[in-house]
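Trainee: I would like to learn how to read a helix crossing and a sheet. Could we work through an example?

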Amino acid sequence: MIKLIEKGVYFKDGKLVRAKNVDDKAKKGTIAYKILSAHNFSNNDQKLNIKFDEITSHDITYVGIIQTAKASGLTEFPIPYTLTNCHNSLCAVGGTINEDDHVFGLSAAKKYGGAFVPPHLAVIHQYMREMRAFSGAMILGSDSHTRYGALGTVAVGEGGPELVKQLLNRTYDVDMPEIVAVNLKGRLRKGVGPHDVALALVKATFKNGFVKNRILEFVGNGIKTLSMDFRNGIDVMTTETTCLSSVWVTDEKTRKYYVDHGRADAYKELNPENGAYYDRGIVIDLSKVEPMIALPFHPSNAYTIRDFLSRPYELLKEAEEAGQKLLPAGKGEFKLTDKIKDGKVYVEQGVIAGCAGGMYENIAEASEILADTPINNNDFTLDVYPSSQPVYKGLVEGGYIGKLMENGAVIKTAFCGPCFGAGDVPQNNGLSIRHTTRNFESREGSKPANGQLSAVALMDARSIAATAKNGGAITSAMDMEYSNKIKKYRFNNKIYQARVFNAVKNGNKSSELVYGPNIADWPKMQPLKDNLLLKVVSVLNDAVTTTDELIPSGETSSYRSNPLKLAEFALSRKDPEYVGRAKAVRDGAFPSELGFDENNTTYGSVVCSIKPGDGSAREQAASCQRVLGGVANVAKEYATKRYRSNLINWGMLPLLADKNDFEIGDYIYIEKVKEGIESGAKEFKAKVIGAKTREITLKMDALTDAEKQIILKGCLINYYKN
């Protein structure tokens, strides 16, 4: 199904050919290289200083971004900035504060010259596909699933401070990434959807880091067989491979997509040069892809549904054991093997939603599969969230919404909640199958620390519909008889014209920002002193620590605009004692008994882990630690570039250690750390003071000149102020 080619390849005459040598000129023949070079302001094609064409944020992130930029001297949005409202729009805690954030966002769009998409109108990435992406462009978003590659746009998801830099006319600095050719060939079989292809790709590339921080460039004759919804559905899931971004060849179907959305001038034909060189290659034979299921607790934990159903007890037992480890000792029991009944595996819930699942073709084909079968099993529910109001209207006009409703499906508005735990949380010990982007632990909204745990398995909308038709018993859509010929979708822009506020490049500087009582400024961050003393306040030994574990999603969304309140939730699902320990360091006395000079030594807390930062781009995973007095992370490696960048932008040192053999309460002392950062040191001699004292060497990957200054100044805000 998928073949990985680790060494370089040339793309010649529609095929990948293994390279015997590296042709530097041929490297410049890729689509990605040309787009990156066109946006680079460094005069060095290996050290990029990128300026994006547009940026975008949703309502979990834009308040903090605008507040940070304002504190750093923002006077106007220098490039188009789209503010969407698809994340905290259904949170039920905090009283008025969710809508207060939305009002603030609208006032910022009016003042600084931006676009504002009201709640429930569209999820962020669907709106950007429909109205803002264009071929050859680069877009930066404060959401990890910022991916518009199928439309010819190199889109990157990063933490909020990287958007702040763009708002202040600074650059996104990154080494020229390696580019990986993804050669699609063959044709998908009936019943196979975009999520099936995506999950197969994630399974093949995540754990081995095959495409980490690289750009995927989709080529090959198989692309011609895929509709734009299919391409977008595969593309948005490339985030889960940990690649930096993606881009696809564009063709007549791409052009038609832009024409249908009233933006014909956004199209440009993009193709690699014949003989273009790629650093690695991936071949996907679409004809061999089968319906997939990604079991808890990661999209890479994927199997064909056929394989899963051949050994359900074995695979569910593994997930069950992983889940049990998340519950505190003596608090509850997590069961999945009890889903097996009479040789079938039954689930309680199906959800089709968001930027991956909520597209027109997914829902229309799911409706065709369900046909006239009512969901009359009271133990199973089906919820459907079209990704935008135009998509919703198209599904209504096609008769698909009515058919789904008549069969018992519940149709909801455009909302990202099911993807991050703010909507349709299953019951304790429940298993939900979802066409959404992630199924990390607690991502569906459960709270293991309270003895509550449920889980999500990812599946394509087609197999979710087949499961619904089969009474909640997991079923492959390839096993169903149905028509996959669906009615043509007609986009209606009147919906956006009536509701979207668009003042791009036309702000009114005299208008005022509207603040609700929960919108707070960032506390002051202190510059780095000559030496550094860290106290270990949390040690995480999971193979990977996601941003959802560092700062939970779901109900915490209401507090995204209040750094101090949000910080109270940091690591609450993984290490409930962390906040108290961190505060004790932040608010306590300097440990002068250790013999170090308080006047020239920064004292703060540190989280030690193995591989932190997989998942969301939200910078709060780092900023919450900083607000609580954190000044560093120590890890064996960082799961994503964006998490490491978030640490740096909040003035925290992204240190590396060969072993995660620290204990809570240990002190780590680094002498002359400031001098080392200034000189570009990659190794720091450190002393660990605990049960016994020992010497270690901590490392740090190279910093840019700007990153050095950000850490020295204490954070991005201080850097710009100075």
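Mentor: Take handedness. A crossing is left-handed if the near helix is turned anticlockwise from the far one by less than a right angle, and right-handed if clockwise. Here α3 passes α6 in a right-handed crossing. This is a predicted model, where local features need pLDDT of at least 70, side-chain atom pairs count only at pLDDT 80 or more, and totals for chains, interfaces and linings use all residues. Residues are numbered from 1 along each chain as its sequence is written, and side-chain values use heavy atoms, with hydrogens and water left out.

Trainee: Which residues of α3 and α6 make the contact?

Mentor: Contact means heavy atoms within 4.5 Å. I65, T68 and A69 of α3 meet G160, L163, V164 and L167 of α6.

Trainee: At what angle do the axes of α3 and α6 cross?

Mentor: Axes are lines fitted to C-alpha atoms, for helices over the stretch in contact; angles run from 0 to 180 degrees between N-to-C directions. Helices (H or I, at least four residues) and strands (E, at least two) are DSSP runs, numbered from the N terminus. Helix α3 (residues 62–71) and helix α6 (residues 160–167) cross at roughly 45 degrees, their axes coming within 9 Å.

Trainee: In which order do the five strands form the open sheet?

Mentor: Two strands pair if DSSP finds at least two bridges between them. The order is β1-β15-β11-β12-β13, with mixed pairing. β1 (2–5) and β13 (245–248) are at the edges with a single partner strand each, so one side of each lacks a neighbour in the sheet. Strand β12 (residues 215–219) pairs with β13 in the parallel sense over four bridges. L216 is opposite S246 in β13.
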